[in-house]
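Please read them with the structure open.

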Amino acid sequence: MTIENRIRDVMAELSLVLNSLTPPVCPQFRPPASAGEVRQAEEKLGLCFPEELKALLSCHDGQLSYTAEAYADPVIPSLRHPTGVYSYYWLAGIEEIVENTLHLRAEYVECWKGEDFTVFGPVRSHDRFVVFTVTENADWLVLDMDPDTGGTVGQVVMQCTQPCELIVVADGVASFLQELVDGYKSGRFRFQSDRHFVFYGDD
């Protein structure tokens, strides 16, 4: 199976399971990004995206932006990891990927370059992460373009700054999305009420 087909299949499965929940998650996925838009984003960031990210963007250019007046529901639930429960996330589109990645790079130079991060998995602190999510809190889900020994280029990493932690979540976008599908199907994620949007959590 090609990477494109794998991502398309898992996203279709994710959409079905989100709609089957009570209450359902309404992700408001955007239409696909074009190959030209992806190339322009890569040029702005000076790197090549992992093929799985390109396939995801060719399926959906993230979720509709959220504002104080109208939120799309976050697709990625709050996740439990070694030292606590972390944020829920929206999938980022091309413009958000570029903006947030440049912001994270600037933060790394200004704040985190000399910081001693606690790490879980084959990951280290650097400025070669690609932010592929949107969050309201002090952590990101990123793709690791320069993993530590034993890691995988494009692995999904949670980068937290309160406290400073780097946590390997999955070996790539496709396996991460499949973990979400399996988690929703198994009842791992439970509905948590909020006045703005529907979201689930790993509690």
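1. Helices (H or I, at least four residues) and strands (E, at least two) are DSSP runs, numbered from the N terminus. By that rule Gln 178 falls in helix 5, residues 173-186. The model is a predicted one, in which local features need pLDDT of at least 70, side-chain atom pairs count only at pLDDT 80 or more, and totals for chains, interfaces and linings use all residues. Residues are numbered from 1 along each chain as its sequence is written, and side-chain values use heavy atoms, with hydrogens and water left out.

2. Gln 178 counts as partly exposed because its relative accessibility is 25%. Contact means heavy atoms within 4.5 Å; leaving aside neighbours within four places in sequence, Gln 178 is in contact with Val 10 and Glu 13. Gln 178 and Met 11 are 167 residues apart in sequence, yet their C-alpha atoms are 8.6 Å apart in space.

3. Thr 101 belongs to helix 4, which spans 94-112. Thr 101 counts as buried because its relative accessibility is 0%. A polar contact is a pair of N or O atoms within 3.5 Å; within protein, one must be able to donate a hydrogen and the other to accept it, and residues adjacent in sequence count only if both atoms are side-chain atoms. The Thr 101 side chain reaches the backbone oxygen of Ile 97 at 2.7 Å. With neighbours within four places in sequence left aside, the contacts of Thr 101 are Leu 45, Glu 96, Phe 129, Val 130 and Val 131.

4. His 126 sits in the loop between strand 4 (118-120) and strand 5 (129-131). His 126 is classed as buried because its relative accessible area is 7%.

5. On a 1 Å grid over the protein atoms alone, a cavity is a set of points where a 1.4 Å probe fits but cannot get out, and a pocket is an open set with protein on both sides within 12 Å along at least five of seven lines; lining residues have an atom within 4 Å of a point. Grid points are joined across faces, edges and corners, and a volume is the space filled by probe spheres set on the points. The whole structure has two cavities of 30 Å³ or more. The largest cavity has a volume of about 50 Å³, and its lining includes Tyr 108 and His 126. Helix 4 gives the most to that lining, with three residues.

6. The second largest cavity holds about 40 Å³ of space. Among its lining residues are Leu 53, His 60 and Phe 132. Helix 3 (residues 51-59) gives the most here, with three residues.

7. The largest pocket has a volume of about 220 Å³. Twelve residues line this pocket, and Glu 37, Asp 61, Ile 94, Glu 95 and Glu 96 lie nearest its centre. Helix 2 (35-45) and helix 4 each supply at least two residues of the lining.

8. Please check the two cis peptide bonds. The bond from Thr 22 to Pro 23 is cis, with omega near -5°, and Pro 23 lies in the loop between helix 1 (3-20) and helix 2. The bond from Gln 162 to Pro 163 is cis, with omega near 5°; Pro 163 is in the loop between strand 8 (155-161) and strand 9 (164-170).

9. Gln 28 is not a glycine but has a positive phi of about 50°. Gln 28 lies in the loop between helix 1 and helix 2, and is partly exposed, with a relative accessible area of 32%.

Methods:
Buried < 20%, exposed > 50% of the residue type's maximum accessible area, 1.4 Å probe, protein only.
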